[in-house]
Amino acid sequence: MVPESEYDHELTWILKAASTSAQRLQFDELLRKTDGAFPSDVLSAARRLDLQIDFADHEALEVRDGPDPSPAQGEFYFDRATAKFLASALMGRVLLLGAPSVAAELTHQDRPLTLVDSSPWLNERFGITGSLRVGTVETFRAGAAFDSAVLDPPWYFPEMTTWLSIAANAVKAGGTILMPLLGRLTRPSATRDRIEILEMASRVGSVSVVENVVAYDSPHFERRAIARSGGRLGREWRRASLLKISRSDADIEPLLVRNQDPSTVWVDRRIGQSIVSIRRKNPESGTRPVVHLLDGISRRDPRIAASNVWTSESTAAVVDRPEVLLDELSQVESSWSSATRALLDRLEIDH
Ligand SMILES: C[S@@+](CC[C@H](N)C(=O)[O-])C[C@H]1O[C@@H](n2cnc3c(N)ncnc32)[C@H](O)[C@@H]1O
């Protein structure tokens with residue numbers, strides 16, 4: 001783990017360098033320079049340095065059909081140009097692991113595909129046809145049946161390396177695997193994390209990286225968090241690099257998927273346009289029920305790490321009996337208790 005102070009130092013250094021060429025800094029432009037650092041963190045660092053930041057007058061951001069993306073499932077979608085570009089780079093029999101926007105592009109082009117993704121709302125969001133398997137990537141096995149693949153797991157371990165090993169075993173020798181690589185300032189450990197992924201990729205085949213060519217739409221939950229820190233996005237900001245692997249014929253051991261403690265698994269419930277994710281983890285003894293209005297989206301945030309409810313409005317809560325809430329939200333709305341309704345109000349969920 002890279003010490004936080006080194007991370008802060010690098011972020012401060014980039015901001016200082018940017019401020020030498022302009023009296024006032026445009027927030028959107030600054031975010032393009034800070035290599036994945038979360039906008040609220042960039043804003044706090046800029047305030048510590050007393051920099052003058054200007055925000056765009058209005059948002060020019062993508063909004064999709066279907067329910068809002070879920071922060072607990074890491075639902076960050078590519079912008080249309082990126083999805084098109086990735087679709088054009090895929091040949092033959094195509095496998096998509098957690099890449100529904102690329103599946104949508106292939107569907108538009110009437111090309112066959114296999115998509116594995118756990119979200120039940122992809123048809124509504126993307127109108128995907130083709131082979132859609134709603135389920136976890138971790139349980140998917142195919143033998144070397146595909147010519148090319150895109151994977152975009154949530155940017156955490158073990159997901160990133162486990163999904164890469166699954167893609168490596170599903171793609172034939174000579175085939176292509178594409179994977180976004182998180183920016184160096186996405187979090188304090190990101191430089192190290194990139195090295196770990198690149199090391200594994202080099203065992204899968206020959207590797208090339210093109211910096212900052214992958215662009216993402218900003219999900220509603222992210223914009224809510226940025227707004228709470230006093231910022232406003234004018235346009236999309238998140239970029240990643242693109243890792244391209246030409247699959248060699250080397251054997252890659254499938255990484256063992258450890259059985260996850262079921263109490264840590266987030267389960268999504270839809271309420272109108274919103275998603276409420278709940279995990280059955282009981283609060284630590286002595287923890288009082290609490291609601292958080294979040295200004296960040298990282299699972300490392302201690303408020304999120306301690307919570308058992310997390311929503312697409314970037315709110316979170318510690319509740320006493322999460323399984324009761326989960327059951328209740330699975331019932332028709334008329335049977336919800338007044339306590340649940342009050343909690344949803346505090347979580348800023350429109351019901
Ligand atoms: C980081 S997003 C990538 C989306 C991609 N950028 C796109 O535009 O198509 C992760 C995707 O993986 C899905 N997902 C998250 N965890 C999963 C799991 N364990 N198994 C299968 N899908 C998962 C989410 O529903 C989401 O579509």
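In strand 13, Trp 310 is the bridge partner of Ser 277. Strand 13 (residues 309-311) and strand 11 pair in the antiparallel sense over three bridges, where pairing requires that DSSP find at least two bridges between two strands. Helices (H or I, at least four residues) and strands (E, at least two) are DSSP runs numbered from the N terminus. The model is a predicted one, in which local features need pLDDT of at least 70 and side-chain atom pairs count only at pLDDT 80 or more, whereas totals for chains, interfaces and linings use all residues. Residues are numbered from 1 along each chain as its sequence is written.

Strand 11 (residues 274-278) also pairs with strand 10 (residues 267-271), the two running antiparallel and being joined by five bridges. Within this pair, Ser 274 of strand 11 stands opposite Ile 271. The hairpin of strand 10 and strand 11 has two residues between the strands, and Gly 272 takes a positive phi near 60° there. Five of the five residues of strand 11 are buried, so the strand is largely enclosed by the rest of the structure. A residue is termed buried if 20 or more other C-beta atoms lie within 10 Å of its own, exposed if 12 or fewer do, and partly exposed in between, with C-beta atoms placed from the backbone. Ser 274, Val 276 and Ile 278 point one way from strand 11, while Ile 275 and Ser 277 point the other way, and all are buried.

The protein chain is divided into domain 1 (4-54), domain 2 (80-247) and domain 3 (262-346), with bounds that come from an automatic or database domain assignment. The centres of domain 1 and domain 3, taken over C-alpha atoms, are separated by 33 Å.

An open sheet is formed by seven strands in the order 5-4-3-6-7-9-8, with mixed pairing. Strand 5 (131-134) and strand 8 (205-215) stand at the edges, each with a single partner strand, so one side of each is left without a neighbour in the sheet. Neighbouring strands of this sheet are turned by 15° against each other on average, direction ignored; the axes are lines fitted to C-alpha atoms, for helices over the stretch in contact, and angles run from 0 to 180 degrees between N-to-C directions. Strand 5 runs parallel to strand 4 (residues 114-117), to which four bridges join it, and Leu 132 of strand 5 is the bridge partner of Leu 115.

Further along the sheet order, strand 3 and strand 6 run parallel and are joined by four bridges. Leu 97 stands opposite Leu 151 in strand 6. Strand 6 and strand 7 likewise run parallel, with four bridges between them, and Ala 149 stands opposite Ile 177 in strand 7. Five of the six residues of strand 6 are buried, so this strand is largely enclosed by the rest of the structure.

The largest nonpolar core has 83 residues, and those with the most contacts inside it are Leu 96, Leu 97, Ala 103, Ala 149 and Ala 167. Such a core is a set of buried Ala, Val, Leu, Ile, Met, Phe, Trp, Tyr and Cys residues joined through C-beta atoms within 7 Å. Helix 7 gives the most to this core, contributing seven residues. Leaving aside residues up to four places away in sequence, Leu 96 touches Val 102, Ala 103, Leu 113, Thr 114, Leu 115 and Val 150, contact meaning that the C-beta atoms of two residues, placed from the backbone, lie within 7 Å.

Helix 7 (residues 159-170) has 12 residues and reaches 16 Å from its first C-alpha to its last, close to the expected 16 Å at 1.5 Å a residue; the expected span is 1.5 Å times one less than the number of residues. The buried residues of helix 7 include Met 160, Trp 163, Leu 164 and Ile 166. Their cover includes strand 3 (94-97), strand 6 (146-151), strand 7 (171-181), helix 8 (190-204) and strand 9 (239-247). In the loop between strand 6 and helix 7 lies Pro 158, and the peptide bond from Phe 157 to Pro 158 is cis, with omega near 5°.

Asn 212, found in strand 8, has a positive phi of about 55°. Asn 212 is partly exposed, with 14 other C-beta atoms within 10 Å. Glu 348, in the segment after helix 12 (338-346), has a positive phi of about 65° and counts as partly exposed, with 15 C-beta neighbours inside 10 Å.
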